[in-house]
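Please look through the structure below with an eye to its aromatic side chains and to what surrounds them.

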Amino acid sequence: HDDDHEHAEPIGFYIKNAENEHIITYLDLEVSGSFTVAAGDYSPYYTISFIDEDGDEFTPDGDEYSMNYAKTSDFFEFEKSTSDKWSFRIKGVLEGDGEVEVQLLHGDHPDFKSKPISITVNAVIAKH
């Protein structure tokens with residue numbers, strides 16, 4: 001374990017699926033990847049890990065750190081896991097496009113904010 005992260009200083013992050021595959025990479029102020037979910041459905045749970053200036057992945061230690069988000073539309077809901085504060089899923093509400101900004105909170109203020117990440121909510125496919 002690395003104790004260099006007394007005050008977390010991320011320069012980016014990875015958002016990974018349950019298979020540990022990178023769905024979103026945020027580095028050098030660039031977003032690669034996006035989310036897609038169907039209206040009325042939930043995405044799988046995703047987990048975020050931050051990247052420090054040495055390129056190492058970490059999740060901040062301590063109760064004073066948490067993940068937050070700011071969304072640009074009501075087409076989706078962003079739902080944090082109750083068992084892992086670094087995991088979340090997305091619920092599609094209405095067909096459309098929106099964006100979410102991911103934030104690392106230190107107490108009540110963000111230490112880090114991402115550029116917007118695209119989220120597409122697809123129409124519900126009728127099942128026959």
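This is a predicted model: local features need pLDDT of at least 70, side-chain atom pairs count only at pLDDT 80 or more; totals for chains, interfaces and linings use all residues.

The paragraphs that follow go from ring pairs to charged side chains over rings, and then to the nonpolar core.

A search of the whole structure finds 12 aromatic pairs, and a pair of aromatic rings is described by the distance of the centres and the angle of the planes. For Tyr 46 and Phe 88, the ring centres are 5.8 Å apart and the planes stand at 45°, so this pair is tilted. The two residues belong to distant parts of the chain, since Tyr 46 is in strand E5, which covers residues 46-51, while Phe 88 is in strand E9, covering residues 87-92, and 42 residues separate them. Tyr 46 has a relative accessibility of 7% and therefore counts as buried, and Phe 88, with a relative accessible area of 1%, is buried as well.

Phe 88 also pairs with Phe 78, and here the centres lie 4.5 Å apart with the planes at 20°, so that this pair is stacked, because planes under 30 degrees apart count as such. Phe 78 is found in strand E8 (residues 76-80) and Phe 88 in strand E9, 10 residues apart, and this pair too links distant parts of the chain. At 7% relative accessibility, Phe 78 counts as buried. Elsewhere in the search, ring pairs join Phe 13, Tyr 26, Phe 50, Phe 58, Trp 86 and Phe 112 into a cluster.

Lys 71 lies over the face of Phe 76, at 5.5 Å from the ring centre, and Arg 89 lies over the face of Tyr 42, at 3.8 Å from the ring centre. Arg 89 is also touched by Ser 43, whose contacts, leaving out residues up to four places away in sequence, are Val 37, Arg 89 and Ile 90. Ser 43 sits in the loop between strand E4 (35-38) and E5, and its relative accessible area of 8% means that Ser 43 is buried.

In soluble globular proteins, nonpolar side chains tend to be buried together. The largest nonpolar core of this model has 25 residues, of which Phe 13, Ile 15 and Phe 35 touch the most other members. If neighbours within four places in sequence are set aside, the contacts of Phe 35 include Ile 15, Ile 23, Ile 24, Ile 90, Ile 117 and Ile 119, together with Ser 118 and Thr 120. Tyr 46 and Phe 88, the tilted pair described above, are likewise among the contacts of Phe 35.

Definitions and conventions:
Residues are numbered from 1 along each chain as its sequence is written. Side-chain values use heavy atoms; hydrogens and water are left out. Rings of Phe, Tyr and Trp (its six-membered ring) pair if their centres lie within 6.5 Å; planes under 30 degrees apart count as stacked, over 60 as edge-to-face and the rest as tilted. Helices (H or I, at least four residues) and strands (E, at least two) are DSSP runs, numbered from the N terminus. Buried means under 20% relative accessible area, exposed over 50%, partly exposed in between (1.4 Å probe, protein chains only). A charge sits over a ring if NZ of Lys or CZ of Arg is within 6 Å of the ring centre and within 35 degrees of the ring normal. Contact means heavy atoms within 4.5 Å. A nonpolar core is a set of buried Ala, Val, Leu, Ile, Met, Phe, Trp, Tyr and Cys residues joined through side-chain atoms within 4.5 Å.
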